[in-house]
Amino acid sequence: MHSLTTAPPEALAEQATAEMPTLPEEGQGLLPSASLASKHLLPRTLRTRDLLIFCLIAVLLVTNIPLVAGAGGASIIYWIIGFLTFLLPSALVAGQLFRLFPGEACIYQWFHLAFGNFWDSFLGFFCNWWPGAIGLTVEAGAVVSSLQLLNASWFQLPWQQGLVELVVLFVAQLLCWLPHRLFQQMLYVIFPCYLGMMLLLGGSGLVWLATGHPIQGNLSTQSWHIGSENYPVFATVIVALLGVAIPLNMGVEMKHRHAGNRALLYGTCIIMIGYLVATFGILVVVPPQDLGNPAFMTEIFERVFGSGPGHLLGVFNALVLIGYFLCATAVYNQLFSRFLLVASLDRRLPSWFSRLSPQGVPYHALWFQTGINTLFIACLFFLAPAFAPTNQQFSLAIFLVVMNGASVVWNAAMIGLFVAGMILFLRYRRELHACALVAPWVLHLAAIAGIGASLVAIWSAFFAGSPVPTTLNSQEWGFWVLLIVLTSMALGALYSYMMPESEDLASLLSTQRSSS
């Protein structure tokens, strides 16, 4: 195993310049983690297709679609607005920043270059890391839901669901320990099957219409109206599109520097096509009252292809989803562990987090995130039912409050990313001109659109109403979400306030080098 150590301060600029041709010449300078590429401790194994799969796993989630499709025809409009105001701006701004300043956990580095000390730890590290780290529970829960597609009577009790989710977390942890190429080959098999099932939803809609069946969803003229009755759907769309830039966190592990931007380009196109095609199939085949059915994909296949073939497709789809969400749990763990890795390298976390296995895996960081989710699952499925045994929605309410609070924190980080982009595009306009993906004014317009979309999503998280009204009314819902957000922000701010500034860190490293 290895432990990452920082290079001498005077060598940082020279080491980083060899890896990043457009380094800052002014401002706060570089953090010690900028020299990570020169150490060659992380394996350079990631190709464009690997990053593309990571990008799609982070954003393209089939379980998001029924939540949006409930708006009828307006769901198509909301998807398109979300693509134009958030997905494309996120990809453009992040892609341009990565072209200027690549690196491991580069999002954290961009915040340092734009805002300097405190904000790089608060917004760049904590507010980007925390929502994704706790998100492992979402993927683990999706495995339980997929298992129930095979038999609806399985895992009905909370402790049973919690036990399965814990098993998923630890199996995913083991997957992270596999050699990089072996794990990627697993994804090469499972992800095309997952994407194929999503596209089959759209194909099912075409077959349904071609065989003379009427449209089952609400596509009336009134359903295309956008108004206060369906505006929360837009917030759902924005939350569904969060995370497209997270695979860039593995910048040092890319075989070629251009792989990140190519993955963003291809991934953005596939995400837009995938969501629109699958939404079309659901709107055409599934009646509005059945959108809440967890087995909606099986229902579509049985309606379109008959009970026999449809049932077989449903079983195959369930098996694909089980494998996919299990791998997705491992991918999420890997992607967000890079924040812990570089923060440890910058002496803003204990060096324990920067320990690497012989395969170049930050295994302590992975175990830490698994441990956080283990505690969260224990609270949801073992402690919460003990406190409210008669309220079956109590655990769900806690889960939704925490996840919505985390999404608000992540959207705040995205606002910071868009602002950081505008600052850095102006500060390094000469370097930008030499490697611009699009005209600078397009980048600034995209950033402004992204800020607006993020603000709408944050507002909706508080005021769109409670998704569990029998447990929490709208006022109580807003209070508890706000409490989660403020608690998270306070912890992040306290952590950031206590961390050493880059100038102090450079002095510390220089002193250590002199004494040695």
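Is Arg 348 buried or exposed? Arg 348 is buried, with a relative accessible area of 3%, where buried means under 20% relative accessible area, exposed over 50%, and partly exposed in between (1.4 Å probe, protein chains only). The model discussed here is predicted, so local features need pLDDT of at least 70 and side-chain atom pairs count only at pLDDT 80 or more, while totals for chains, interfaces and linings use all residues. Residues are numbered from 1 along each chain as its sequence is written, and side-chain values use heavy atoms, with hydrogens and water left out.

The salt bridges come next. Side chains of opposite charge can pair when their charged atoms come close. The structure holds 4 salt bridges, a salt bridge being a side-chain nitrogen of Lys or Arg within 4 Å of a carboxyl oxygen of Asp or Glu. One of them joins the side chains of Asp 120 and Arg 348, at 2.9 Å from N to O. This pair links distant parts of the chain, 228 residues apart: Asp 120 belongs to helix H7 (residues 119-134), and Arg 348 to the loop between helix H14 (307-345) and strand E2 (355-356). Helices (H or I, at least four residues) and strands (E, at least two) are DSSP runs, numbered from the N terminus. Asp 120 is buried too, with a relative accessible area of 0%.

A salt bridge also connects the side chains of Arg 338 and Glu 253, at 2.8 Å from N to O. Arg 338 lies in helix H14 and Glu 253 in the loop between helix H11 (232-240) and helix H12 (259-285), so the pair ties together parts that are 85 residues apart in sequence. Arg 338 is buried at a relative accessible area of 2%, and Glu 253 is buried at 0%.

The salt bridge between Arg 303 and Glu 299 has an N to O distance of 3.2 Å. Because these two residues are 4 residues apart in helix H13 (residues 296-305), about one helical turn separates Arg 303 from Glu 299. Arg 303 is partly exposed at 30% relative accessibility, whereas Glu 299 is buried at 13%.

Aromatic rings provide another set of contacts. A pair of aromatic rings is described by the distance of the centres and the angle of the planes. Rings of Phe, Tyr and Trp (its six-membered ring) pair if their centres lie within 6.5 Å; planes under 30 degrees apart count as stacked, over 60 as edge-to-face and the rest as tilted. A search of the whole structure finds 31 aromatic pairs. Among them, Phe 170 and Trp 367 have ring centres 5.9 Å apart and planes at 45 degrees, so the pair is tilted. Phe 170 lies in helix H9 (residues 158-176) and Trp 367 in helix H15 (residues 363-387), so the pair ties together parts that are 197 residues apart in sequence. Phe 170 is partly exposed, with a relative accessible area of 37%, and Trp 367 is partly exposed, with 36%.

Trp 459 and Phe 463 form a tilted aromatic pair, with 5.5 Å from centre to centre and 40 degrees between the planes. Because they are 4 residues apart in helix H18 (residues 440-463), Trp 459 and Phe 463 are separated by about one helical turn. Trp 459 is partly exposed at 43% relative accessibility, whereas Phe 463 is exposed at 53%. Elsewhere, one aromatic cluster has members including Tyr 108, Trp 129, Phe 353 and Tyr 495.
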